[in-house]
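Visitor: I would be grateful for a close look at one part of this model, namely the charged pairs and the core beside them. Please take the salt bridges in turn and then the surroundings.

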Amino acid sequence: MFTLLASLFIGTLFAEALFNEALSPPELATWAFPFVGTLLGAFLAFKYLGIDEAVKREELRAGAINRAILVLVSQVNYLSTVKAELFKDNDSPEQVSNLRAFPNPPSSHIRQRVEELVFLVELGESGLIMALEREQRRYDDCLLHLNIRNDLLFDVIHPLVARTGIMGKPITLEQFKSVLGEMNYGRWEVATHNVCQAVPSSLESIPALIGRLCDTGKKLFPRRTFIGIADIPKARIE
């Protein structure tokens with residue numbers, strides 16, 4: 001549109017000047033070339049500025065998708081460590097000898113910044129934002145269950161076990177129940193069961209969401225590279 005209007009304007013000036021014999025053709029050329037050059041330069045400047053802005057916008061949006069994937073990878077790494085420790089040497093959730101607490105992961109690595117992904121709504125991928133929100137709540141539930149278990153360990157179980165002198169000693173499940181008492185053992189059983197249900201469930205769903213994010217990123221921004229499920233060590237997601 002800009003080029004068309006400029007061409008019409010210049011053509012009109014040429015026609016009027018020639019028709020009225022106000023300027024000779026060489027004079028017209030001398031006058032018009034700088035004017036055309038200025039218009040062309042301005043047009044190219046605006047065009048390349050628009051291209052540069054589009055490239056920057058694409059880079060920011062692709063980076064937001066990769067950051068969301070990195071948060072999920074961090075969550076997988078942490079939960080994999082928890083699962084390996086919980087089920088170490090025994091597949092039973094009630095493993096008596098496994099009485100260690102789990103430190104919380106760094107807070108900067110566990111929160112999704114979904115506000116950076118609002119552009120997905122404009123691109124028809126709002127369902128992906130909802131999926132990220134759901135997965136974040138599932139991960140938060142894992143941390144909640146772990147914190148409940150940790151509090152029970154520190155406030156109840158460790159003091160009781162230390163008082164009876166069996167800390168670190170191999171004991172049977174019945175002995176463990178006897179030391180804790182029926183109520184405390186019931187609380188421990190529920191807390192451990194919740195952790196052993198929540199952690200494997202998230203470890204199953206998070207890799208699937210990583211795959212969705214990666215595929216969506218490649219579809220929307222085919223020139224960019226995205227972290228995929230293949231970049232996570234297999235041992236972390238089994």
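**Salt bridges and core**

Guide: E116 and R67 form a salt bridge whose closest N and O atoms are 3.1 Å apart; the term requires a side-chain nitrogen of Lys or Arg within 4 Å of a carboxyl oxygen of Asp or Glu. E116 lies in the loop between α2 and α3 and R67 in helix α2, so the pair ties together parts that are 49 residues apart in sequence. Helices here are DSSP runs (H or I, at least four residues), numbered from the N terminus.

The model is a predicted one, in which local features need pLDDT of at least 70 and side-chain atom pairs count only at pLDDT 80 or more, whereas totals for chains, interfaces and linings use all residues. Residues are numbered from 1 along each chain as its sequence is written, and side-chain values use heavy atoms, with hydrogens and water left out.

E116 is partly exposed, with a relative accessible area of 27%, and R67 is partly exposed at 35%. On this scale, buried means under 20% relative accessible area, exposed over 50%, and partly exposed in between (1.4 Å probe, protein chains only). E116 also takes part in a salt bridge with R113, where the closest N and O atoms are 3.5 Å apart. R113, at 45% relative accessibility, is partly exposed.

A search of the whole structure finds eight salt bridges. In another of them, R223 pairs with E58, and the closest N and O atoms are 3.0 Å apart. Because R223 lies in the segment after α6 and E58 in helix α2, this pair ties together parts that are 165 residues apart in sequence. R223 is exposed, at 65% relative accessibility, whereas E58 is buried, with a relative accessible area of 15%. Salt bridges that share partners join E58, R223 and R224 into one network.

E125 counts as buried, at 14% relative accessibility. The side chains of E125 and K219 are joined by a polar contact of 2.5 Å, a term for a pair of N or O atoms within 3.5 Å; within protein, one must be able to donate a hydrogen and the other to accept it, and residues adjacent in sequence count only if both atoms are side-chain atoms. Leaving aside residues up to four places away in sequence, E125 touches L120, T216, K219 and L220, contact meaning heavy atoms within 4.5 Å.

The nonpolar surroundings come next. The largest nonpolar core has 37 residues, and those with the most contacts inside it are I65, Y78, L79, L117, L132 and L213. Such a core is a set of buried Ala, Val, Leu, Ile, Met, Phe, Trp, Tyr and Cys residues joined through side-chain atoms within 4.5 Å. At least two residues of this core come from each of α2 (25-86), α3 (119-122), α4 (126-164) and α6 (182-220), and α2 supplies the largest share, 12 residues. Y78 touches F102, P103, N104, P105, Y139, L143 and L146, not counting residues up to four places away in sequence. Apart from this core lies another, of 13 residues, among them L99, L152, V156 and L180.

Helix α2 also holds V76, which is buried, with a relative accessible area of 0%. V76 and S202 are 126 residues apart in sequence and 8.1 Å apart in space, C-alpha to C-alpha.
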